[in-house]
Structure formats: C-alpha cells, structure tokens
Amino acid sequence: MPTPRLDYEVDLYLRQKWQDERLKHKDITQPLDLNDPNLVKAIWKPEVYFPNAKHAEFQYVTVPNVLIRIKPDGEILYMLRLKLRFSCMMDLAKFPLDNQICTMEIASFSKTIEELRLEWKIGEPIIMHNGLKMPQFEIVEIKATDCQESFQIGNYSCLVAKYHLQRSVGYHLVQSYLPTMLIVAISWVSFWMDVDSVPGRTTLGVTTLLAVSSQSSGIQSGLPQVSYVKAIDVWMGTCTAFVFSALLEFTIVNYMWRKLQPELLKKIISIPREINGGSDTNAVSLKASPDGHLDNEKVNGCSQTEFAVGVTVVRKLLLQEGHSNNCHDFFVCDNKSVSARRIDEYARFGFPLAFGAFNIAYWCYYLRDEGINQMT
C-alpha cells in the first residue's frame with residue numbers, strides 16, 4: 001500500500017451468486033462446474049464494475065482463473081480472480097499517527113436498480129486471508145454497506161466495502177522520530193563547550209542543522225505533495241528550529257564574549273610574542289582607541305598597525321601572571337562576558353526543558369485525537 005500514490009492493490013476472489021430459472025433442468029442432478037472460457041461467455045452474467053478502480057488485471061496463471069458452478073435448482077455461482085488497484089484518498093494531516101478509511105466499490109454498469117439489485121452475502125460477506133499483514137497498516141475493521149448511484153439515465157445499485165486502517169508507528173519511530181531526537185540532543189553539547197571554542201561549536205551547529213535538514217528531505221520524498229501541514233512537518237520543523245536556535249545562541253554568546261567595554265580597554269597590556277609562538281624580544285603592546293578597538297605597536301619602535309588578539313591569548317597571559325579567573329580580573333569578568341557564560345548555563349537546562357514540553361504537547365495532542373477517532 002504505497003502512500004505516495006494514494007492507492008492500494010488487492011488480489012481478490014470475486015464471487016457472485018444469482019438464480020437463473022432458465023438453467024433449472026431435471027437432468028442436472030449434481031452441481032456442474034464450468035471453467036472453459038467459451039462456455040462461460042455463453043451464460044448470462046451480471047455486468048458489474050469497480051468505480052474507484054485505477055487498474056485491473058485478470059489472472060491467467062496457470063489457466064484462466066474463472067469458474068461457474070450450476071446447481072440443479074438453477075442457482076449459479078460465478079467466481080473469478082482479479083488483481084485490482086483502488087484509489088484511496090488519504091487525509092495525511094496526522095501522518096504518521098493517522099488512521100485511514102479505504103473503500104472498494106462494486107456497482108452495476110448497464111442495469112438500473114429496477115433490473116439488477118446488488119446485495120452482500122448474509123453473514124460474512126468479506127473474508128480476509130488468514131495471516132494477512134501489511135508493513136505499515138493494521139486492519140482494524142471491515143464494514144460492508146450498500147449504496148445507490150444516481151445518473152441522468154437512472155439509478156444504479158452498488159456495494160461498498162470500507163477498510164478501517166491504523167498506521168503502525170513503529171517504523172517511523174525508528175526511522176524518523178528517534179534520529180531527529182538524537183540530532184537535537186547532540187546540538188545541546190555546544191552549551192557545555194567553552195565560549196570561545198569557535199571552530200568546534202560552529203562545526204557542531206552546522207553539522208546538526210544539515211543532518212536534520214537531510215532527515216526532513218528524506219521523509220518528504222516518500223510522501224505525496226499536499227498543500228496542508230502534516231504532523232511530521234510539525235515535528236521536523238520544530239526540531240529544525242531547536243537546532244537553529246542552538247546555533248544562534250552560540251552566535252550571540254560568542255559576540256557578547258568578544259565585545260569588550262571601551263572603559264576596560266584603557267589599560268595597556270603587553271603580550272609577549274612567546275604566547276603566540278614567538279620570542280619575548282618582540283613584544284606587542286595593546287591599548288584602546290576611543291571607539292573601543294585594539295591597536296598595537298612593537299616595543300622596538302616599529303610603526304603601529306591594527307592587530308586582532310583572541311580572547312584566549314589575553315586570558316592565557318592573565319593566568320600566567322597569577323590572576324585568578326574571578327570577577328576581580330580585568331575584562332574576563334566584564335558584565336557582558338559574565339552574561340555570555342550565564343546564557344550558556346541557562347541554555348543547558350532551558351533547551352531540554354522546552355523540547356520536553358514540546359514532546360508532551362505533541363504526543364498528547366495527536367495520540368488523544370486518534371483515540372477519539374477510534375471511539376467514533
């Protein structure tokens with residue numbers, strides 16, 4: 001039962017029974033079976049068709065699968081084997097937590113309801129094969145009802161079999177939900193990394209964002225293109241938003257960490273070249289310009305050029321000079337730097353709590369809705 005095509009295929013035995021007084025004969029003492037196609041064509045049969053069938057095939061292997069049984073009282077049993085593909089207009093708004101109802105319709109083609117009336121067999125009109133299973137659905141219930149089709153030339157009798165199907169969510173839990181949960185959880189690892197670990201946190205954020213986008217594209221490729229939002233779209237969109245928010249949080253935190261207040265840059269710091277891998281003879285002195293940027297000049301009197309120094313270099317110098325990493329140190333404990341660290345600390349617990357709340361709301365809403373549908 002492929003979902004993208006919105007149809008399903010069945011291999012069925014169609015059994016029709018009616019009474020024909022013309023074939024009631026005293027010489028027929030036992031049921032007479034006919035499977036010769038030429039003899040079958042010579043007997044009158046109801047002209048029925050399948051209104052919602054998209055494709056049909058008659059089975060010829062190994063012989064034509066058709067049988068007519070004539071009883072002594074003129075009762076005729078007409079049985080044939082068919083392979084049919086029926087359309088099933090599924091509502092995928094709750095996919096993959098949805099239930100579907102697919103129908104199989106049988107109607108009279110040329111005889112009006114005054115000439116031919118179709119009725120289901122009393123008792124058990126539809127018999128399913130023992131052990132029949134489908135990979136994505138479970139058959140909950142089968143209802144056999146009758147109907148009437150109205151056209152300009154008259155009214156026609158018809159029969160409808162309704163298959164109530166419940167989608168098995170196990171496949172989608174393993175292939176869709178659990179992988180995206182893990183991707184979102186992996187994106188939270190960046191909150192526990194150092195604020196100025198730019199390469200690591202950037203790589204982690206971009207990788208998880210690409211992973212969840214690839215997962216979403218793989219899911220959508222197996223679904224029909226519909227204009228409404230599906231349950232899986234809500235899930236994948238929210239997971240993408242969480243991963244993107246984690247990357248955005250790092251961008252804000254890293255900017256606050258590197259944005260030093262101008263009044264704290266009025267001091268002059270000499271950073272030995274050995275900290276950057278050079279010798280102590282060529283030291284670099286930093287001082288603040290009025291707009292808050294750092295300028296440098298070589299101690300031996302060379303011309304000044306604009307120079308960018310990472311926060312890790314300055315912090316390494318302070319630690320080598322005996323400063324402790326507390327709020328009495330230069331700009332390591334600048335208000336914005338402290339706020340940046342606090343944002344990371346809040347995100348470590350805020351993001352998992354928000355994702356957990358979304359899971360509770362998501363699963364309660366869709367599973368509760370499906371429970372109501374099953375009761376009705």
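Start with the largest nonpolar core of this predicted model: it has 56 residues, and Ile 68, Trp 235, Phe 355 and Tyr 362 are the ones with the most contacts inside it. Colour by helix and you'll see that H4 gives the most to this core, nine residues.

Now select Ile 68 and show what is around it. Skipping neighbours within four places in sequence, Ile 68 is in contact with Leu 32, Asp 33, Leu 34, Val 40, Ile 43, Lys 45, Ile 76, Leu 77 and Tyr 78.

Next, grab H3 (residues 198-221) and H4 (residues 231-258). Their axes come within 10 Å and cross at roughly 165°. An angle over 145 counts as roughly antiparallel, so H3 and H4 are roughly antiparallel to each other. Their crossing is left-handed. To see the contact, show side chains including Val 206, Leu 209 and Val 212 from H3, and Met 236, Val 243 and Phe 250 from H4. The residues of this contact split into twelve nonpolar, eight polar and four charged.

Which residues of H2 meet H3? Select Gln 175, Ser 176, Pro 179, Thr 180, Ile 183, Ile 186 and Ser 187; on the H3 side, their partners are Leu 204, Thr 208, Ala 211, Val 212, Gln 215 and Ile 219.

Methods
Residues are numbered from 1 along each chain as its sequence is written. This is a predicted model: local features need pLDDT of at least 70, side-chain atom pairs count only at pLDDT 80 or more; totals for chains, interfaces and linings use all residues. Side-chain values use heavy atoms; hydrogens and water are left out. Axes are lines fitted to C-alpha atoms, for helices over the stretch in contact, and angles run from 0 to 180 degrees between N-to-C directions. Helices (H or I, at least four residues) and strands (E, at least two) are DSSP runs, numbered from the N terminus. Angles under 35 degrees count as roughly parallel, over 145 as roughly antiparallel, 65 to 115 as roughly perpendicular and the rest as oblique. A crossing is left-handed if the near helix is turned anticlockwise from the far one by less than a right angle, and right-handed if clockwise. Contact means heavy atoms within 4.5 Å. Ala, Val, Leu, Ile, Met, Phe, Trp, Tyr, Cys and Pro count as nonpolar, Asp, Glu, Lys and Arg as charged, and the others, Gly among them, as polar. A nonpolar core is a set of buried Ala, Val, Leu, Ile, Met, Phe, Trp, Tyr and Cys residues joined through side-chain atoms within 4.5 Å. Buried means under 20% relative accessible area, exposed over 50%, partly exposed in between (1.4 Å probe, protein chains only).
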